[in-house]
Amino acid sequence: MPVQAATQTLVGRAAELAALRAAVERASSGEAATVVVSGEAGVGKSRLVEELMRTARGDGALVLLGRCVDVGDGELAYAPIAGALRSLAAQVDDDELDAALGPGRAELARLVPDLAGEDGAPGAGPATFGKARLFELLLGALGRLGRRRPVVLVVEDLHWADGSTRDLLRFLVRAAAGERLALIVTYRTDHLHRAHPLRPYLVELRRDGRVECVDLGPFSRAEFAEHVAAILGTTPSPASLDRLLERSDGNAFFTEELLGAAGPGDLPASLRDAMAVHLEGLQPVAQRVVRVLAAAGRRVDHRLLERAAGAPAEELAAGVREALEARVIVPTRDGRGYEFRHALLREAAYAELLPGERQALHGVLARQLEADPEL
Ligand SMILES: Nc1ncnc2c1ncn2[C@@H]1O[C@H](COP(=O)(O)OP(=O)(O)O)[C@@H](O)[C@H]1O
Ligand SMILES: [Mg+2]
């Protein structure tokens, strides 16, 4: 049975969505709000936040999204902030960008080239500038943008954030108190080992009375039944529903994966098996695409994929299409490449790589990136 596309209806989450919407309403009236959305991988954080972004956009808010990326041991400074600024550049015209960024535009364009003016190359000067300066520039820009309409800044997957991003968010929570800004962050609770820097950080944030927490749990049985029915298009028997609930723990993503690998009567032994079946069901070129992507991280530029996959363009295109149709990968928002549909799929694909294969792929990717850092 093919894996179903994610269903259109949002199952449950009425109270959580209401809390997020209330935060955006407060922000609209000039009282900045911060909401931290937590939950285990696959529980539905991104889906909830997408729903909020959609309704906020519909209500006229400016919605900026930045995602933290898993870069293993390395730290990619300000990756989600750069992402949010890119989404800004894609949504507002040059005049508004100019007005919002003011004199800082050229400086910020050094962090995000998309911000460079129509006539302007990024400003000259040092490639890095002080933290304090960057924070002030961003605060100023968010304040000016908020004069026109409320701003919703979403930072996804904070468990992968670098220290600079954490510092910036901490600064915004305090300094933007009077702005029309709703700051929404998400993080994975199952990803926080004991020494994870996010732990003390979250304790500190929570101590701040202005920060609200929304913790997402698994679906209730009724919600779970609704989710399964939406995926299958039919309602399974109570007995198979029970079995599926036990296996998936009411986790939205696990349920999708388990149902994708087999019908409810014939469940794979574990989620890992389900994901392995999902990945192994692909033809060799599509598998190669998935392997390159797993080694590259969660996303890969199409040109880098072309160079690293070592397959003729037509075969590669067919492989990419197959992986897209199997919903293992999805196009990135900027249209420049692909990413795993879910971080857990990347983890599963990465775990399937043999040690030698892993090394070889990292080597190929590193050589291509060295030859062309733009990728
Ligand atoms: N409330 C929901 N209703 C319907 N589908 C959901 C819901 N929550 C999550 N899903 C689906 O489950 C999968 C995993 O959800 P996602 O939001 O990516 O999880 P997380 O961000 O917590 O890791 C996605 O395919 C998503 O569309
Ligand atoms: Mg997510």
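The structure is a predicted model.

The protein contains 17 helices and 8 strands. Along its principal axes, the C-alpha trace extends over about 60 × 50 × 40 Å. The radius of gyration is 22 Å, which agrees with the value near 21 Å that a compact globule of 375 residues would have. Of these 375 residues, 49% are buried. When contacts between residues at least 6 apart in sequence are considered, 72% are found to join residues at least 24 apart.

The accessible surface amounts to about 17,200 Å², and carbon and sulfur atoms account for 51% of this area. With regard to charge, 45 side chains are positive and 54 are negative. The centres of these two sets are separated by 3 Å.

Strand 1, formed by residues 33–39, is mostly covered, with 7 of its 7 residues buried. Ala33, Val35, Val37 and Gly39 point to one side of the strand, while Thr34, Val36 and Ser38 point the other way. The residues of both groups are buried.

Strand 1 pairs with two strands, strand 4 and strand 5. The pairing with strand 4 (residues 181–188) is parallel and comprises 7 bridges. Strand 5 (residues 211–215) also runs parallel to strand 1, to which it is joined by 5 bridges. Val35 illustrates both pairings: its bridge partner in strand 4 is Ile184, and its bridge partner in strand 5 is Glu212.

Note on methods
Residues are numbered from 1 along each chain as its sequence is written. Chains are lettered from A and ligands numbered from 1 in the order in which they are written. This is a predicted model: local features need pLDDT of at least 70, side-chain atom pairs count only at pLDDT 80 or more; totals for chains, interfaces and linings use all residues. Side-chain values use heavy atoms; hydrogens and water are left out. Helices (H or I, at least four residues) and strands (E, at least two) are DSSP runs, numbered from the N terminus. The radius of gyration is taken over C-alpha atoms; the globule rule is 2.2 Å times the number of residues to the power 0.38. Buried means under 20% relative accessible area, exposed over 50%, partly exposed in between (1.4 Å probe, protein chains only). Contact means heavy atoms within 4.5 Å. Accessible areas come from the Shrake-Rupley method with a 1.4 Å probe; for residues, only the protein chains shown count as cover. Lys and Arg count as positive and Asp and Glu as negative; His and the chain ends are not counted. The place of a charge is taken as NZ of Lys, CZ of Arg, CG of Asp or CD of Glu. Two strands pair if DSSP finds at least two bridges between them.
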